[in-house]
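Reader: I have a structure to look at and some quick questions. Can we go through it together?
Author: Go ahead.

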Amino acid sequence: MADQVTRDEETRTHGDGHGPPDKSPREANRALATQRADISSYEIVTHYFGQAAERLGLPDDVAALFHSSYREVQVQIPVRLSDGKLHVFSGYRVQHNGARGPYKGGIRYHPEVDLDEVRALAELMTWKTAIAGIPYGGAKGGVNIDVHQVEDDELQRVTRTLMDRIEKVLGPTRDIPAPDVGTDAQTMAWLMDEYGKLHGHTPACVTGKPLALEGSYGREAATGRGVVYMFREAAPQLDLTPSETTFAVQGYGNVGSWAARIMQQLGARMVAVSDASGSLRSPTGIDAERLVAHLAGGGKLHEFEGAESCSTEEFLESPCDVFFPAALGGMIHRLNADRLRCRMIVEGANSPTTPAAEQILLDKGVLIVPDVMANAGGVVVSYFEWVQNLQHFRWDEREVNDRLGRIMRKAFREVSATAREQDVPLRVAAFELGIERVIQAARLRGYLR
Ligand code: NAD
């Protein structure tokens, strides 16, 4: 499995969101350092799973069982778009492991979605729910669509068709989708409505719904809030106090923008930020709330006044205490990890750091709080939403946030204790803990002797 690290030699030449690459030698070298790694999210998860399985001494056949998916569904989504043509998208739902409860995981809409990526994200969900100690298995879904290229009603038709084609494997006691990249509360409302047409009103069939449709207070901000809870737990190790902390955010969508706003409420200063359209930096600070308002008003990130528009390299090299990856997988890789000038990374995104990059960063003494624990806030509050829906009851936001804090702190302390005992990085400890809990559940069910 360790061989996979050496595959991180090249970087992708597409999909970084910064336009087509310039092929001139000088530009090509610069581009290599900034684009996504050519190691897939699945290879990244395979590496980390393999490392933990080896340390746990799992026999190969048992490791193969827990690494592979229980069910993988791929469906055709034909939709006639405004150009008059029939476009056929691919929809996916992968259920990785359900030993600890119903499958749970987001649905991603992005042009690069494929079975391999969804499979990786589903497996991460299995370990994540186990580490957080919430009663779910792991799943993920997606459609290979660019949401920026279609109208709202077209997106609604794609979403309803997806539900029609996968509803048989979903439901509140089977598998409960939630938002991810490219999907939001509106997408969840369409999914719930379509499921309701077939099964009757069933709010607990998806989470991350709008408040007006039995969503939970605190769900929209939950992943970003959870990321900040993790920062607060880890901060004393580096003698960081929130009010004196500087941070950078890669990806200013749901997770990144909420993490930034909550960090700012604690008195921390955002000194660099990026999204698919560009990057900004300012040593004196970028106002996270004003940036959200600017983007909501239709502005582009790099047009924001009060900070300097900069290149991706300059963004990566901005000195800061904490770096929050909150975009896509494989964005911190062998060719750019050395450029980061931070002391801590808290992974809001899934699989943002390749194994080779992680090694470079650990060697530099950077503390990495890994995705499988750091970004669990979303699924934890999704769990609260599901619990509230099943009881037709609603908690206030304070109760949601307090309960979220308790679960995130417990997960951090349990993983940290394992890491200390075994003298391993947090990621290794987190995977070990998650895998052990899933195997224990599988044994108790009688799946494994
Ligand atoms: P989102 O669609 O709201 O935001 C994604 C952001 O990434 C956007 O700002 C986009 O412009 C930016 N981006 C895309 N390509 C980029 C590039 N090359 N450079 C810089 N920025 C780029 O998605 P989200 O829900 O915030 O999810 C972000 C990450 O967090 C994903 O990896 C997702 O799997 C993970 N995550 C999300 C949740 C959740 O509850 N939404 C939960 C756990 C993990």
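Author: This is a predicted model. A place to begin is helix H14, residues 377-391.
Reader: How far apart are the end C-alpha atoms of H14, and what should the helix span?
Author: The end C-alpha atoms are 21 Å apart, which agrees with the 21 Å that 15 residues should span at 1.5 Å a residue.
Reader: Is H14 mostly covered or mostly open?
Author: Mostly covered, as twelve of its 15 residues are buried. Among them are Phe384, Glu385 and Trp386.
Reader: What does the side chain of Glu385 meet?
Author: Lys209, in a salt bridge with 2.7 Å from N to O. Lys209 lies in the loop between H7 and helix H8 and Glu385 in helix H14, so the pair ties together parts that are 176 residues apart in sequence.
Reader: Is Lys209 buried or exposed?
Author: Buried, because its relative accessible area is 4% and the cut-off for buried is under 20%. Glu385 is buried too, at 0%.
Reader: How many salt bridges are there in the whole structure?
Author: A search finds 24. One of the pairs is Glu72 with Arg119, whose closest N and O atoms are 2.6 Å apart. Glu72 is in strand S1 and Arg119 in helix H5, 47 residues apart.
Reader: New topic. Which residues gather in a patch of negative charge on the surface?
Author: Glu151, Asp152, Asp184 and Glu220.
Reader: Where is Asp184 found?
Author: In the loop between strand S5 and helix H7. Asp184 is partly exposed, with a relative accessible area of 43%.

How values were computed: Residues numbered from 1 in each chain as written. Predicted model: local features only at pLDDT ≥ 70, side-chain atom pairs only at ≥ 80, totals over all residues. Heavy atoms only, no water. Patch = residues over 30% accessible without salt bridge, like charges linked within 9 Å, V, L, I, M, F, W, Y side chains within 5 Å. Areas by Shrake-Rupley, 256 points an atom, 1.4 Å probe, with all protein chains shown as cover. Salt bridge = Lys/Arg side-chain N within 4 Å of Asp/Glu carboxyl O. Lys, Arg positive; Asp, Glu negative; His and termini not counted. Charge placed at Lys NZ, Arg CZ, Asp CG, Glu CD. Helix = DSSP H or I, 4+ residues; strand = E, 2+ residues; numbered from the N terminus. Buried < 20%, exposed > 50% of the residue type's maximum accessible area, 1.4 Å probe, protein only. Expected span 1.5 Å × (residues − 1).
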